[in-house]
Amino acid sequence: MPLDNLIIDCSSPMRARYFENRAYYDFLYEAMEGGTEWISAPKPRLLDEIYQTENLEDPSTRNLEILFDAPNIVRLGNDILYQVSNSGTLLGAKWLKTILEPRGYRLHTAEKFYSFAHFDSTVLPLRPGLVLFNGARLNPDCYPPIFEKWDKIFFPADKIVDAGCLLPNGVTTTSPYIGLNFLSVNEKLVICDKNQIHLRKELEKHGIETIGLQMRHARSMAGGFHCVTLDTKRQGPRQDYF
């Protein structure tokens, strides 16, 4: 999770991902040598009792440890929107608050909007004052209040093109809404699935150009363009948008 000149190594609730950051150690050491501050969230135990499946309306990860994936966070300059879900607990938000607020950030929690996992196919800031929401999960009466004064696009679920899944029986951990998982290059350009014709037309209405690329394994590999990129090198000051 990159913020300004800080990288936070996150503590995922998925046991299979516990050591995945080791794959990036060469880069993290290089970043540190270049002056980047590198810290890690407390490592969880991931004991059986932190998981529940009795009520899937609630997060399946109980609030017993500091747990969060980086895509549970939407970065908005000085403001951080943190989603409480299967992949992020309230304790994770409280830990982040102790780390980030002394650095001048404001942390906002988003609860009971979408409990399954990450937020980057649900809340997609396009530029200061304009945000795109997944209309299947959010609506004019239900969205994170931080965006109250922003212009909002509630993109209809039936306009999201399902790219399909080639795994046996179509088994996948990712919904068709991965089609909304795009990468914002700047305020006037995004990279998205080339098959999302309705999304691209909608963005064009708002003066945003799209580069359409093929990602045919998005559902089988459970990730879109935002998932597979990380902007650890960029220019520009930290700003206040609210």
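Start by selecting Thr61 and everything it touches: beyond its neighbours within four places in sequence, Thr61 contacts Pro13, Ile50, Tyr51, Leu67, Asn86 and Thr89. Keep in mind that this is a predicted model.

Now look at where Thr61 sits. Its loop runs between strand S3 (37–40) and strand S4 (73–76). Is Thr61 buried or exposed? Its relative accessibility is 7%, so Thr61 counts as buried, the cut-off being under 20%.

Zoom in on the Thr61 side chain. At 2.4 Å from it lies the backbone oxygen of Asn86. Asn86 is also one of the contacts listed above.

Draw a distance between the C-alpha atoms of Met14 and Thr61: 9.7 Å. Along the chain, these two residues are 47 residues apart.

Move on to helix H3, residues 197–205. Select Leu199, Glu202 and Leu203, the buried residues of H3. Why do they lie on the same side of H3? They cover an arc of only 95° around the axis, which puts them there. An α-helix has 3.6 residues a turn, so residues three or four places apart point the same way.

Last stop: Gly207. This glycine follows H3, and its phi is positive, near 75°.

Notes: Residues are numbered from 1 along each chain as its sequence is written. This is a predicted model: local features need pLDDT of at least 70, side-chain atom pairs count only at pLDDT 80 or more; totals for chains, interfaces and linings use all residues. Side-chain values use heavy atoms; hydrogens and water are left out. Helices (H or I, at least four residues) and strands (E, at least two) are DSSP runs, numbered from the N terminus. Buried means under 20% relative accessible area, exposed over 50%, partly exposed in between (1.4 Å probe, protein chains only). Contact means heavy atoms within 4.5 Å. A polar contact is a pair of N or O atoms within 3.5 Å; within protein, one must be able to donate a hydrogen and the other to accept it, and residues adjacent in sequence count only if both atoms are side-chain atoms. The arc is that of the directions from the helix axis to the C-beta atoms.
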